[in-house]
Amino acid sequence: MITLYIALPLAVVLLLNLSPRRTANALSLWCGLVLTVFAGAYTLAMPHVPGLADAFDPANRVLQWKIEAGNLAGVMFLSIALVVFSAFWVGRYLIADSNRRFIFNNLLLLCMTGMNGIVLSNDLFTLYVFLEVVAASSFILIALERTNAGLEGAFKYVLLSAVATVLVLSSMALIFVLVGSLDYGTVKAVLTSGQLDAATSRFVTFAIGLFVVGLFIKGGMVPFHGWLPDAYSSAPTASSVLLGGIVTKAAGVFTLIQLAQNVFGWDKPSPVLLAVGTLSIAVGAFAALGQRNFKRMLAYSSISQIGYIIIGLGAANEVAVVGAILHLFNHSTFKTLLFVNSAAVEKQAGTVDMDKLGGLANKMPVTGFTSVLAMLSTAGVPPLSGFWSKLLIVLGVWLSGAHAVAVTAILLSVVTLAYFLSMQRRVFFGRLAPGLEGVKEAGGWLLVPEIVLAVITLGLGLTMPWFFNTFLVPLRSLWSL
Amino acid sequence: MLSLGTILLILLVLMVLSALWAVMATDLLRSTIALALTSVFLAIAIYMMGAPLAAVFELSVCAGLITVVFISAISMIKPEGNTRKEDLARKRRKRLKKYIPLPILLAVAGVLLWLNRVDLPFTPDADVFPLTLSEIMWDVRRVDIAGQAVMILVGVFGIVVLFKEFVRRGKGGEE
Amino acid sequence: MSTENLMLLAIFLPIVLAVVPLALVKKNALAAGAVAIAASFANLVVVCLAYGKDAALTLPWAGWFFEFTLRNYQFSSFILAAAALFGALLSVYNTVFLKDKAYGWLFHAYFLLTLGFVNGAILADNLLLLLFFWEGLLGLMFGMIYLGHRDAYRTATKAVIIAGVTDLCMMFGIGLAVHLAETATMSQMKVPMEGLGGLAFVLLVIGAISKAGSMPFHTWIPDAATDAPMPFLPFVPAALEKLLGIYLLARVTLDFFKLDGGHWGSMLLMVVGALTINLAVAMALIQKDYKRLLSYHAISQVGYMILGIGTCTPVGVVGGLFHMLNHTIYKCCLFLTSGSVERQAGTTDLRKIGGLGRKMPVTFVLFIIAAAAIAGFPGTNGFFSKELVYDGALERHWIFYAAAVLGSFLTAASFLKLGHAAYLDKGRGDASKVKEAPAAMLVPGIVLAALCLAFGAGNAFPLHNFIQPVLGDALHGHDYSGFHFKLVLVGGSVAALLLAFANHYFGAKSKGSGLAAVDHIHYAPGLHQIYDAAEKRFFDPYDWARNVGKAVAYVGFGIDRAIDFFFNKVVVFVAGGISGTIRALHNGSHATYLAWTLAGLVIVIVACMAGRL
């Protein structure tokens, strides 16, 4: 039944485009919302209802699809549904032209299909196809408004994404030649068999290196992140929600975790991942510190936060990896929340330049409060959800022996707090900036995702001990360590 | 008679050269032709390595279809006007500077690969793949085909977003 | 209903019902009081149903030693029942006392929350869970003292700081104990009493006895007596904190560490106990305020309990626990009389009241019974528990016995003075309009006074049913009920009482007033300087700490400037510099970004090939 994750959004897109345009314009939003809610509910029901997590009947040739939901699939499906759900609301709120909104909704669904495909693929080439689907739909989402900045941002993304494609494809070609298959299971069996001769294993390492760099580019890790701040900040805010919330994580980070676990079979701390992760945390945090543009600051903050996930993966012990997965989910929640907040500010105050904003908390209480919540969670302040994931990551990294990395991560967390405090002061608190006297709270289209995401951030943090035992400890056993 | 390896090497060198030409050319039309040429060399190489189907696809889509699309697009936009020769030369030099790292990198990669060369388990097709093309396409690679369908849809929306409104505005301008 | 559910109910019923007063639209103290009465009596029923039953309950919580584990057995259910009984009696009293107070509704909410947290702390079978409830009580204590009057926050802060510091000690102690015993489950906890174990013992004991209000962690109690709302006093320092503190002390010494008489830990406890008895009662002797005087006795009496448990003899431990029960009964009753006096006469300053015995006869009788009990008048419950403690102390060393008897003498003297001054003296203040307190405020006192007498004459009942089962086999079949004390002990106690009477008689006669009856001790050469110093808080560790704090603050100011400079200038400059550099590097050119990517690619590939992936 997991084929539904690909088939349903695709079917919805096709049906919408076949129905009369006027109906389709009105329906697209609701179809999308229902679909994302359904996807979320389906994912939540998956562990409890037998059969939901299987592919279609494997005996029937027509229905036989070569996909499978790995052990992280649930987390990813949930994050994807959540972020796409929020993006629909934001799109309804921000994109005035109904035709363009229709296209936006369709692209969201296609992007969702692509991300679900990434999660479901169990073959490197299938993975590649869906990576490209996500990348291509992201280009268009960035350039949606066809502003010069948007086109430039999309162009940079295309350029670096092409480099990533070349690297990933070359790597796959090498692996195919060496192993004779691209199936996850087969490749892992060969790579971890320990029977490769020295020269071949050198090539394998080379291929893995290429693949990893390709994914670094997709995930926006320093120093492969050049496209990311431009793309995020120049994209329409509705698209930024999707990009910042989930795209880099699905295309870069999740894939890396999946491959590390299911294909490369890494089982010891990786200096490369730790170094790249730490560099990302540092550069992202310090760059965010000096930004004037709200969305650009969030973009750098994303780089920094993804760095935490990467060092968690790099530590390669169960505590750190569980923390990384949790942080992946948390980050998609609170970063989406912050982008939704930025959408509210952009629409209500007319700018995202922090020098022209100030004192909005009184005018926009819900937005102000939820952004404080998201910011504290990002900075890892207890008892919000971000605290727990960072705690696990830092603990795991420390246990893996990379003490310097753990200490750096903690110290840079302070920088995170610093730039977010500065952001809060400049946007929501302090004196009301001139010209903003008439600003009102954002409408219901934005309040719904804001409140949903804030409740998740807070609720997850408060119930973490229970959540940890119920969901994350079982996850641990799936990481084959 | 040249060995297969030598022919492949020559073809690949030609391919890289024509690709470089495509990047360096200041005229869009020439650049397009160079790109088509690259595809042709690649298609020949693929054919010689024993994958005729892939070669046909490469030739028809990359060398044929895409070139046609590019040329028709170029014919739709206005020429750059009469640019002076010195300007063109300066532009070319500037571009050259930008891409200097590329051949160096390629050379380094080549040396590294040569140093680490390994006998790849390069086996002919027939006994590894007993499946027919249709079986591969519709059974083994079914999900990829679905992904391809999504990709095409994305492309359609991309064209709609990036070009359709532009064309409409162009018409409006004429009226 | 199963005992497991009863345990959960005992914790959550009061906590959930505490929401009701908070949720009241119109903040009506009377309605809140009704809720408090209903909840406290329901709680009493619940704990009575669970009394004496063995049950354990484990719910998944955070894991890794953090388990929500509850255990109901003889000892905990006895403490639980005692706490619930006082809660129920006090809820009635409070409702009347607070009905016109603006903060009444809030106090009732705190009251119920405290009840729930106390139940949790007693039932907890996991040290970390215990700590959770323990710290919750700290917050509630702050809230309750804070309600007193505008400046009560100073006292509240003082209480929280002292209790917080000792709780910190306890936290370390718990950490050590959990580390050494490799379990946080109290019923399985066995810690060896050597090396780090000794440190853990001392830290845990500090936590327990400071909760009970022992010296030197007592100094907030007399301040709270004057600043906190009156109902706070019988509820928290007199009843619940004694029960909790002594409960934990008994668990620590008897269960966790299996202390025996030969160990230095036992000596430490006895010394602390003996000092607490005498120093606190000596301070009580000279007080000129009804509530403040009582509060010093609340400290002094803890000494008997610590001394009793510290003797590590069965008779002493039985005496200590019995004294805990008796003390909560009569001290609660005494505080209730002080509350009645405060409400009816408008003040508790002994210099402004007098001759209340005629106006408030019932209160006076209650006072006499409770005071007789605390002074150890033969036949009352206090007499029997003190005799047991004396017996244990004498078994260890005569000096502890002597100290305890001295304490008895001073206790009796100070209560003679108090009773004489408040109820019999004439002339101070205008007592003509004072009337007896309302019935609802008298009933809880009457119940408690009756218990004082009943547990005295019928001491077999509490000893057989409550106290002796706690020790079980450790008693070796002994039974300490009835009247079979050694003649020496009884003679010593009676002699102390007679001496106190004589002292009071001559003192009052020479000075002409009950209030001044002990002035000859107060102003004795050598003593009055010490008393003056004590009254000026020279012996208050909190004030020492504050003075040290001031000096540290002065030094810290200089350091602070330097740190300010560091953070405001150096850090900002460095962070700004790094940030600016990074921003300058992001020049927006895709060629630059491509170059970074390629450079990164080369580095990563080289690192991979070098085996660093």
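In chain C, 79% of the contacts between residues at least 6 apart in sequence join residues at least 24 apart, where contact means heavy atoms within 4.5 Å. This is a predicted model, in which local features need pLDDT of at least 70, side-chain atom pairs count only at pLDDT 80 or more, and totals for chains, interfaces and linings use all residues. Residues are numbered from 1 along each chain as its sequence is written, chains are lettered from A in the order in which they are written, and side-chain values use heavy atoms, with hydrogens and water left out.

**Chain C overall**
- Chain C has 24 helices and two strands; helices (H or I, at least four residues) and strands (E, at least two) are DSSP runs, numbered from the N terminus.
- Of its 613 residues, 59% are buried, that is, under 20% relative accessible area with a 1.4 Å probe, protein chains only.
- Chain C exposes about 23700 Å², of which carbon and sulfur atoms supply 70%; accessible areas come from the Shrake-Rupley method with a 1.4 Å probe.

**A helix pair in chain C**
- The axes of helix α4 (residues 74-97) and helix α13 (residues 314-345) of chain C come within 12 Å and cross at roughly 5°; axes are lines fitted to C-alpha atoms over the stretch in contact, and angles run from 0 to 180 degrees between N-to-C directions.
- Because of that angle, α4(C) is roughly parallel to α13(C), a description that applies to angles under 35 degrees.
- Residues making the contact include C:F75, C:F78 and C:F86 of α4(C), and C:L321, C:M324 and C:R343 of α13(C).
- By class, this contact has 15 nonpolar, three polar and two charged residues; Ala, Val, Leu, Ile, Met, Phe, Trp, Tyr, Cys and Pro count as nonpolar, Asp, Glu, Lys and Arg as charged, and the others, Gly among them, as polar.

**Helix α2 of chain B**
- Helix α2 (residues 28-48) of chain B has 21 residues and should span 30 Å at 1.5 Å a residue, which agrees with its end C-alpha atoms being 30 Å apart; the expected span is 1.5 Å times one less than the number of residues.
- Its buried residues include B:S31, B:A36, B:F41 and B:I46.
- The buried residues of α2(B) pack against α1 (4-24) and α3 (52-76) of chain B.
- Just after α2(B), B:G50 takes a positive phi of about 95°.

**Chain A overall**
- Chain A has 19 helices and zero strands.
- Of the 481 residues of chain A, 64% are buried.
- Among chain A contacts between residues at least 6 apart in sequence, 81% join residues at least 24 apart.

Key:
Parallel < 35°, antiparallel > 145°, perpendicular 65-115°, else oblique. Buried < 20%, exposed > 50% of the residue type's maximum accessible area, 1.4 Å probe, protein only.
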